[in-house]
Amino acid sequence: MPQGTLEVLLVSAKALDDTDLITKMDPYVRLTCRTQEQKSSVASGKGSEPEWNETFVFTVSEGASELILKIQDSDRFTHDDFVGEAIISLEPVFMEGSLPPTAYNVVKEERYCGEIKVALLFTPDA
């Protein structure tokens with residue numbers, strides 16, 4: 001298993017299922033790589049077509065094989081709604097070194113509910 005640094009550029013999402021009935025949803029993403037978790041900013045009022053353009057850095061160690069992106073809708077007065085998730089295998093980025101912005105399917109309860117676009121860059125430990 002490779003060890004090093006994984007850089008994730010969270011670009012945007014589109015065609016997400018809007019969980020808010022009255023207003024546009026305020027989506028954000030929880031990024032998880034093994035035991036490390038990071039959270040994007042909230043794309044306030046962006047609804048089902050949010051853009052983030054944020055970079056996150058993870059330390060890749062033994063056993064890291066996937067990146068999990070959970071999209072949630074930030075709600076002020078109730079629990080945040082789960083919109084869907086994408087699970088990205090890290091094997092291609094370990095082999096290639098980098099992957100350009102690519103759209104991955106967002107799924108909730110085995111049902112397609114939009115897509116999320118991310119770019120990946122892996123720098124192995126010297």
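Buried means under 20% relative accessible area, exposed means over 50%, and partly exposed is in between (1.4 Å probe, protein chains only). With that in hand, Phe-94 and Phe-122 are both buried. What you're looking at is a predicted model, where local features need pLDDT of at least 70, side-chain atom pairs count only at pLDDT 80 or more, and totals for chains, interfaces and linings use all residues. Residues are numbered from 1 along each chain as its sequence is written, and side-chain values use heavy atoms, with hydrogens and water left out.

**Aromatic rings**

- Rings of Phe, Tyr and Trp (its six-membered ring) pair if their centres lie within 6.5 Å; planes under 30 degrees apart count as stacked, over 60 as edge-to-face, and the rest as tilted.
- By this rule there is one aromatic pair.
- The ring centres of Phe-94 and Phe-122 are 4.8 Å apart and the planes sit at 65 degrees, so this pair is edge-to-face.
- The pair ties together distant parts of the chain, with Phe-94 in helix H1 (residues 91-96) and Phe-122 in strand E8 (residues 111-124), 28 residues apart.
- Those labels are DSSP runs numbered from the N terminus: helices (H or I) have at least four residues and strands (E) at least two.
- Over at Tyr-28, Lys-39 lies over the face of the ring, 4.5 Å from the ring centre; this label needs NZ of Lys or CZ of Arg within 6 Å of the ring centre and within 35 degrees of the ring normal.

**The nonpolar core**

- A nonpolar core is a set of buried Ala, Val, Leu, Ile, Met, Phe, Trp, Tyr and Cys residues joined through side-chain atoms within 4.5 Å.
- The largest one has 32 residues, and Leu-67, Leu-69, Ile-116 and Leu-120 touch the most other members.
- Elements giving two or more residues to this core include strand E1 (4-14), strand E5 (66-73) and H1.
- E8 supplies the largest share of this core, five residues.
- Leaving aside neighbours within four places in sequence, Leu-69 is in contact (heavy atoms within 4.5 Å) with residues including Val-29, Leu-31, Ile-88 and Ile-116.

**Cysteines**

- A disulfide is a pair of cysteine sulfur atoms within 2.5 Å, and a search of the whole structure turns up zero of them.
- Cys-33 is buried, at 1% relative accessible area.
- Cys-113 is buried too, with a relative accessible area of 1%.

**Salt bridges**

- A salt bridge puts a side-chain nitrogen of Lys or Arg within 4 Å of a carboxyl oxygen of Asp or Glu, and the whole structure has three.
- Glu-115 pairs with Lys-14, with the closest N and O atoms 3.8 Å apart.
- This bridge spans 101 residues, from Glu-115 in strand E8 to Lys-14 in strand E1.
- Glu-115 counts as buried at 18% relative accessibility, whereas Lys-14 is partly exposed at 43%.
- Asp-17 and Arg-111 meet at 2.7 Å, N to O.
- Glu-37 and Arg-30 make a salt bridge at 3.0 Å, N to O; Glu-37 is partly exposed at 48% relative accessibility, and Arg-30 is partly exposed at 26%.

**Positive phi angles**

- Ala-15 isn't a glycine, yet its phi is positive, near 60 degrees; it is found in the loop between E1 and E2.
- Glu-110, in the loop between E7 and E8, isn't a glycine either and has a positive phi of about 65 degrees.
- Ala-15 is partly exposed at 41% relative accessible area, while Glu-110 is exposed at 83%.
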